[in-house]
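Subject: Structure handover

Hello,

Here is the structure you were going to look at. Please open it first and keep it beside this message while you read.

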Amino acid sequence: MITTRMTRRVAAALMASTLLAGAANAQTVNFWYHFDNADNPMSDLVAKFEAENPGIKVNAENIPWNSYYDQLYTSLAAGTAPDAALVKLNALPRLLEMEALEPLDARLDAWEGKAEIQDNLLTLTAAADGGHYYLPVQYVVLYLYYRTDMFAELGLTPPETCEQFRDAAIALTRDTNGDGQTDVYGFGFRGGRGGHDHWASFVLSREGVGFGPGELTSAAGVEGSQFVVDLFRTDKVFPPSAPNDGFQEIIGAFKNGTTAMTIHHIGSSADMVATLGDNVSAVPVPECGGGRWTSFGDESTAIFSSAQDKDAAWKWISFLSSPENNAAFNVATGQLPVTKTDSAAWNLHAERFVDATVASLPFANLLPNVSETADFANTVWPVAMQRALIGEISAEAMNTEIDSLYNK
Amino acid sequence: MSALQAPPVPLSRRVLPYAMLSPAVLVTLAIVFLPMIQAVWMSLHDYVLFRPRVFDFVWFKNFQTALADPVFWISLRHTVIWIAITVPAQMLLGLATALLLNQEFPWRGLARALVIIPWALPSVVIALMWVWIYDSNYGVLNDLLLRMNLITASVPWLANPDTALYAIILTLTWQGFPFFAVMILAGLQGIPKSYYEAAAIDGASNFRQFWHITLPGLAGVLMTATLLRIIWVANSIDVIFVMTGGGPGYSTYTLPLYAFINARTGLNYGYGSALAVSFTLVLLGFVILYLRRAGRNIG
């Protein structure tokens, strides 16, 4: 009896010490990401990774998108940052300024998966000094969604130019049930944070317009912003809530038929098709003022210089950008894989959306690779655009504010 | 003489009260006073989070910048409107509710419990709920007003700069009135019934009873609750942040929100702290009034 009890105690003590030792040996990689969709696929990928890499534990945390960068920057400054995270290119200059990023060049060169990454992506995601701090994990290109049924009903064709776009938007804005209320608006404009992509397609496409000194305040630059303001204030082709609308609002309004066109990327196509079936399609954004401009939507992973175990963090992020795993990741986010193998076998999206994406690639652009871009996207653009939309400031004043941010 | 003859209080007994108080004092110092001092210290520096190596002492430069910053004045004006409408509206609604709940009627206990719901709900839930109520496409408010022919077209309450701030004020009034109702209800029950009986015998009308007995009886409670609420409402940014984030443009910026956006989104902790410190100075008058009242009540 006593022997049995002793044995049990010894066994329990042994088990406890093994567990403790195991916990002490296991490296934990804290990883932050943001996914719009609620069904979280990360747990499967984490389980697979942990099975392949015993001794490394991944703690993946989904951070709400609206405050993702606020949280990331403050946690970096406070010393409580994760070891690795999902990051966008427009955050790269600021993260470098904070000395928060771990250079990846040596690891990339030694990595067998490097050849698998699609050709231009590593060039696109390089820092201004040519070094690599980001490992691409998915990409998208923004295009114009439109309601095929509404266009067919009015005998319209998808707009090729800004003028055609405006005419179509005016025609599509109508009272469909005769109650004196507008039921459908031509275009769902994103006036809240993240909407600079919409604005950019109408403004930065114009000849000689970019973020250089005086470019936005030139006649062509002002004309671009004025075009957007007029669509809202004069033509009234955006829903009245447009100044505050964010991602959820523009996608929701398009899906329920409140808007007939909007700009987003392939990531929302599956959801759109599930609701609208064949009544939704996509084309590249229209040509405005002599050119086209659309946003290249990138998402990469990075390791922070404060990471506890950088080797473990690298294993995890390179795992996410390896064939098969990258496909699983992108099935979850609905975006496009970065590996050659997964791209060749990709069949998640309806062909028309992949075609619109590919057709948009030649004029897909990124915002300037400088620290000010973070302020542009997070505060300066949303406030200036909203003020211009509600008539508090002119389109010219709006462009002047942005110009003075970039060209102090 | 007698004091001299009293046996000396042992040291342990003299120290004991301080020893028992010290954990609370230490915690308060650590989580209230230390961050306060830190905020004042940061407000005197150039401190932008993404330039961690720069932490230059700049004296009152951030305060000078604030005074010359048009957004500071816009935010201050909104803060004044925000407090001047929200607190009286909450108080009046709370007073009416408390008077009603003080009457005898069936299910009174249930009504008293239900009225606390807005106060008990998390601010974020309330904000999201009201965003849907105000929605210009599906919102119930527009639908009701349209059905009653009070408006001819849906109003984008939160996207229109003329209505956005007032729409949020209504939300906060709804959220905060139960606090007044409960406080006033407690105050009402402290007024002796005999006063009303005496007044009735003297032939005082209901209004005169309310004016000469109820209101003076509630004065203490009303004053304390109002001061507390002014401080809370002035500092409350959660509902605004969730409903509009300050937009459209600067239409719903209040000073604490402006300080928060500067610090958290703009990462400019120096300037953000200066804004917060300036606002604290503005609020200090109310805080001192409240502390004096609280101190007097204890005394």
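A term is needed before the sheet: two strands pair if DSSP finds at least two bridges between them. Please also keep in mind that this is a predicted model.

Overview of chain A

The secondary structure of chain A consists of 18 helices and nine strands. Its C-alpha trace spans about 90 × 50 × 40 Å along the principal axes. Chain A has 408 residues, of which 45% count as buried. If you take the contacts in chain A between residues at least 6 apart in sequence, 75% of them join residues at least 24 apart.

The antiparallel sheet

In chain A, three strands make up an open sheet with the order 6-5-7, and their pairing is antiparallel. Strand 6 (261-264) and strand 7 (280-283) of chain A are at the edges; each has a single partner strand, so one side of each has no neighbour in the sheet. On average, neighbouring strands of this sheet are turned by 30° against each other, direction ignored.

Strand 5 (residues 143-147) of chain A pairs with strand 7 of chain A over four bridges, in the antiparallel sense. Within this pair, A:Leu144 has A:Val283 of strand 7 as its bridge partner. Helix 16 (residues 351-360) of chain A packs on the sheet and touches strand 5 and strand 7 of chain A. The direction of helix 16 makes about 15° with that of strand 7 of chain A.

The parallel strands

Strand 1 (residues 27-33) of chain A is joined to strand 2 (residues 56-62) of chain A by seven bridges, and the two pair in the parallel sense. A:Val29 has A:Val58 in strand 2 as its bridge partner. Strand 1 of chain A also runs parallel to strand 3 (residues 84-87) of chain A, with two bridges between them. There, A:Phe31 stands opposite A:Ala84 of strand 3.

The nonpolar core

A:Ala84 turns up again in the largest nonpolar core, which has 162 residues. Together with A:Ala85, A:Ala302, A:Trp316 and B:Leu275, A:Ala84 touches the most other members. Helix 9 (residues 164-189) of chain B gives this core its largest share, eleven residues. Leaving out residues up to four places away in sequence, A:Ala302 touches A:Ala84, A:Ala85, A:Val87, A:Leu101, A:Tyr133 and A:Tyr134.

Where the chains meet

How many residues of chain B are in contact with chain A? There are 22, and they contact 28 residues of chain A. On the chain B side, eleven are nonpolar, nine polar and two charged.

Regards

Technical notes: Residues numbered from 1 in each chain as written. Chains lettered and ligands numbered in written order. Predicted model: local features only at pLDDT ≥ 70, side-chain atom pairs only at ≥ 80, totals over all residues. Axes fitted to C-alpha atoms, helices over the stretch in contact; angles between N-to-C directions. Contact = placed C-beta atoms within 7 Å. Core = buried A, V, L, I, M, F, W, Y, C linked by C-beta atoms within 7 Å. Buried ≥ 20, exposed ≤ 12 C-beta atoms within 10 Å, placed from the backbone. Nonpolar A, V, L, I, M, F, W, Y, C, P; charged D, E, K, R; others polar.
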